[in-house]
2 protein chains.
Amino acid sequence: MIIYPSEYLKDFTAELFQCMGCPEDQARTAADCLNQADLRGVDSHGVARLSGYVRLWELKRLNASPEMKIIHETPSTAVLDGDLGLGLVTAPFAMKLAIEKAKIAGTGWVAVQNSNHYGIAGYHAMMALEHDMIGISMTNASPLVAPTFSKSRFLGTNPIAVAIPALTEPPFVIDMATTTVANGKLEVLQRKGMDAPLGWTQDKDGNPTTDAYSLKKGGSMLPLGGDREHGGHKGYCLGAMVDIFSAVLSGANYGPWVPPFVSFLEPPANQVGKGIGHFLGAIRVDAFRPATGFKEDMDNWIKTFRNAETSTGQERVLIPGDPERELTFERMKNGIPLHEQVVADLLELSLKFGLKFIVNPDKIQSK
Amino acid sequence: MIIYPSEYLKDFTAELFQCMGCPEDQARTAADCLNQADLRGVDSHGVARLSGYVRLWELKRLNASPEMKIIHETPSTAVLDGDLGLGLVTAPFAMKLAIEKAKIAGTGWVAVQNSNHYGIAGYHAMMALEHDMIGISMTNASPLVAPTFSKSRFLGTNPIAVAIPALTEPPFVIDMATTTVANGKLEVLQRKGMDAPLGWTQDKDGNPTTDAYSLKKGGSMLPLGGDREHGGHKGYCLGAMVDIFSAVLSGANYGPWVPPFVSFLEPPANQVGKGIGHFLGAIRVDAFRPATGFKEDMDNWIKTFRNAETSTGQERVLIPGDPERELTFERMKNGIPLHEQVVADLLELSLKFGLKFIVNPDKIQSK
């Protein structure tokens with residue numbers, strides 16, 4: 001692993017998006033979104049993914065300077081056509097719109113069609129916090145997950161994020177795929193030569209498997225819960241709900257028609273909508289009760305759960321958002337570790353666009 | 001099992017609620033809600049629960065003739081004080097309000113405080129369907145579930161329901177506890193003398209167990225996913241979100257303070273809010289896109305997923321709501337099977353209130 005200062009990577013990312021043709025403000029937002037993924041420990045959604053966005057742009061499957069349009073709205077809702085832009089740009093735009101609607105109507109809900117991968121779901125949800133609002137964010141994604149009783153890859157990892165403000169405690173932040181685990185966890189096991197626990201994936205015939213390579217052999221990921229006996233049908237329900245909210249409400253592609261993120265796979269023929277879809281929501285806390293009282297109760301909720309009795313052998317009980325916030329603090333201070341392959345990818349990108357990229361981060365001057 | 005005609009049980013339930021002092025329309029709504037639980041196969045939430053409501057009413061922990069009040073509202077939100085009424089009454093009232101708000105603002109969201117157990121979550125969500133709206137329903141509940149890494153019973157089974165209309169296909173209806181399984185499944189295993197799968201519950205020290213009686217021995221239910229390795233922290237996130245939406249937004253009791261449904265347990269001291277809480281939502285489909293286009297896409301979504309390839313040994317792939325709808329059809333035709341103990345409970349209730357109850361359903365005259 002090679003450790004880079006967070007700010008260096010963020011600036012490089014913003015410059016690179018500008019080289020693709022992104023307007024500066026959009027490039028900065030997109031870079032911030034990838035940077036937050038790296039800081040929060042979702043390494044698969046940080047700069048490691050930059051080359052993937054570039055490849056989609058080269059294939060004209062991604063528009064770096066989209067003209068986003070609101071194509072329908074009511075006091076508390078809107079549909080945004082993302083003009084095939086980066087989800088890293090269209091989703092924050094949609095979330096801002098949801099926040100503006102919530103200021104007047106109490107809540108705001110924006111469905112996005114014609115978009116692309118939007119990074120970590122939590123980034124967009126957390127935008128609501130500074131407005132004393134609850135933020136909600138979900139997206140559909142490349143199909144890798146099988147419905148219960150099926151071996152067809154019909155759903156993405158379809159994440160849900162919910163960010164809720166507190167007063168003196170840090171905010172409560174859920175950011176979870178609706179599968180048992182994210183794909184990145186399988187790659188970790190592959191590198192270590194280890195098997196996966198039952199309930200993570202199934203083989204190409206839909207049988208239980210512990211093969212960490214099962215996905216690469218035509219298998220599929222399992223919805224949260226795993227098999228039917230362990231509640232996997234509930235994970236299927238959640239993933240399906242995310243797909244419908246993100247894509248059927250917005251007019252994007254759903255289910256098996258969702259265009260893949262990887263450039264070596266063609267989008268399925270006979271598209272049923274436009275691009276991929278997101279769904280963003282903002283709930284003004286004081287549309288229900290005064291914000292201070294709510295946030296005091298959130299403080300009490302958080303303290304109560306943090307002080308729950310631990311199970312035998314466990315050190316502490318966590319609040320959603322704790323691990324990511326602690327890692328952010330650590331990585332802001334000590335830097336972001338990148339795999340050699342990711343550094344090589346970034347170097348290649350820098351050469352492609354004529355940008356400077358320092359391969360030995362010890363030589364980076366702090367600003 | 002003794003099999004009763006559905007309508008007979010519904011009429012008896014409505015009469016009984018009226019004997020408690022419920023106004024007739026509220027009694028009919030409450031009876032319909034319990035009846036739908038019986039028809040849909042959620043037997044624990046049907047007439048089997050009637051005696052539980054009566055015991056709470058006798059203890060004055062439930063108000064049969066509540067004066068419900070809207071205590072705060074914006075164009076798309078409201079908070080309802082349920083005046084300690086039946087959740088079977090306050091939740092439909094709140095859902096109607098959400099639907100009215102959605103007609104004007106696009107969406108409507110109502111948080112309910114000072115309520116009681118509201119039956120099956122799906123009943124309230126499904127009220128939105130006939131208005132071409134998506135319905136959402138959640139509630140907190142008696143604490144039986146431990147957060148990940150904890151042995152404290154701090155959350156209820158905290159269900160989420162989402163009902164989405166289709167055109168020619170039946171609606172898509174999720175109605176799920178945010179635990180691996182509902183408590184009723186453990187009781188089935190107890191009756192059969194069988195062990196539970198790992199991941200359903202833990203013992204009083206927070207260790208994994210297959211003991212179907214673990215809950216009765218001080219153990220706790222596990223959130224959807226089970227242990228950390230199988231994604232149980234995500235189920236914890238979902239249960240926590242339901243608790244916060246239902247109770248912290250509304251001003252009801254949350255976490256370990258939620259008053260228990262069972263009458264032999266006292267509500268915890270130092271209540272942090274009023275009663276238990278619900279959260280209901282209605283999303284007008286054409287606040288996003290014309291309803292017909294949306295519903296045609298839902299038909300396509302449903303047909304596509306129903307035709308997904310089955311895993312080895314599986315007969316078919318289900319759409320959320322399929323099993324409950326099929327059972328409703330069967331039970332409307334053939335009747336609702338009740339345990340002897342439930343029949344005995346109903347007989348006892350009938351004697352208490354001087355109502356007629358026929359113990360041998362063969363003698364029931366069809367209307």
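Modeller: The crossing of helix 1 of chain B and helix 2 of chain B is right-handed; a crossing counts as right-handed if the near helix is turned clockwise from the far one by less than a right angle, and as left-handed if anticlockwise. This is a predicted model, in which local features need pLDDT of at least 70 and side-chain atom pairs count only at pLDDT 80 or more, while totals for chains, interfaces and linings use all residues. Residues are numbered from 1 along each chain as its sequence is written, and chains are lettered from A and ligands numbered from 1 in the order in which they are written.

Helix 1 of chain B covers residues 6-20 and helix 2 of chain B covers residues 24-40. Helices here are DSSP runs of H or I with at least four residues, strands are runs of E with at least two, and both are numbered from the N terminus. The axes of helix 1 and helix 2 of chain B lie 8 Å apart, at an angle of about 140°. Such axes are lines fitted to C-alpha atoms, for helices over the stretch in contact, and the angles run from 0 to 180 degrees between N-to-C directions. Helix 1 of chain B and helix 2 of chain B are therefore oblique to each other, where under 35 degrees counts as roughly parallel, over 145 as roughly antiparallel, 65 to 115 as roughly perpendicular and the rest as oblique.

From helix 1 of chain B, the residues that meet helix 2 of chain B include L9(B), T13(B) and F17(B). Among their partners in helix 2 of chain B are A27(B), A31(B) and L34(B). Two residues are in contact if their C-beta atoms, placed from the backbone, lie within 7 Å. By class, this contact of helix 1 with helix 2 of chain B has 8 nonpolar, 4 polar and 5 charged residues. Nonpolar means Ala, Val, Leu, Ile, Met, Phe, Trp, Tyr, Cys and Pro, charged means Asp, Glu, Lys and Arg, and the others, Gly among them, are polar.

In chain A, helix 1 (residues 6-20) and helix 2 pack at an angle of about 140°, with axes 8 Å apart. Helix 1 of chain A passes helix 2 of chain A in a right-handed crossing. The contact includes K10(A) and A14(A) of helix 1 of chain A, and R28(A) and N35(A) of helix 2 of chain A.

Helix 2 of chain A also packs on helix 4 (residues 87-105) of chain A, where the axes come within 8 Å and cross at roughly 100°. Helix 2 and helix 4 of chain A are therefore roughly perpendicular to each other. Q26(A), T29(A), A30(A), C33(A) and L34(A) of helix 2 of chain A make this contact with L88(A), V89(A) and P92(A) of helix 4 of chain A. The contact of helix 2 with helix 4 of chain A has 6 nonpolar, 2 polar and no charged residues.

Next come the domains. Chain A is divided into domain 1 (1-65 + 335-367), domain 2 (67-180 + 229-331) and domain 3 (181-221), with bounds from an automatic or database domain assignment. The contact takes 23 residues from domain 1 of chain A and 19 residues from domain 2 of chain A. Helix 2 (24-40) and helix 3 (50-58) of chain A each supply at least two residues of the side of domain 1 that touches domain 2. Helix 2 of chain A gives the most to that side, with 9 residues.

Last, the two chains. Chain A can be laid on chain B with an RMSD of 0.0 Å by a turn of 180° and a shift of 0.0 Å along the axis. The two copies are thus related as by a two-fold rotation axis; they are superposed by least squares on the C-alpha atoms of residues with pLDDT of at least 70 in both. The contact takes 67 residues from chain A and 67 residues from chain B. Helix 8 of chain A gives the most to the side of chain A that touches chain B, with 7 residues.
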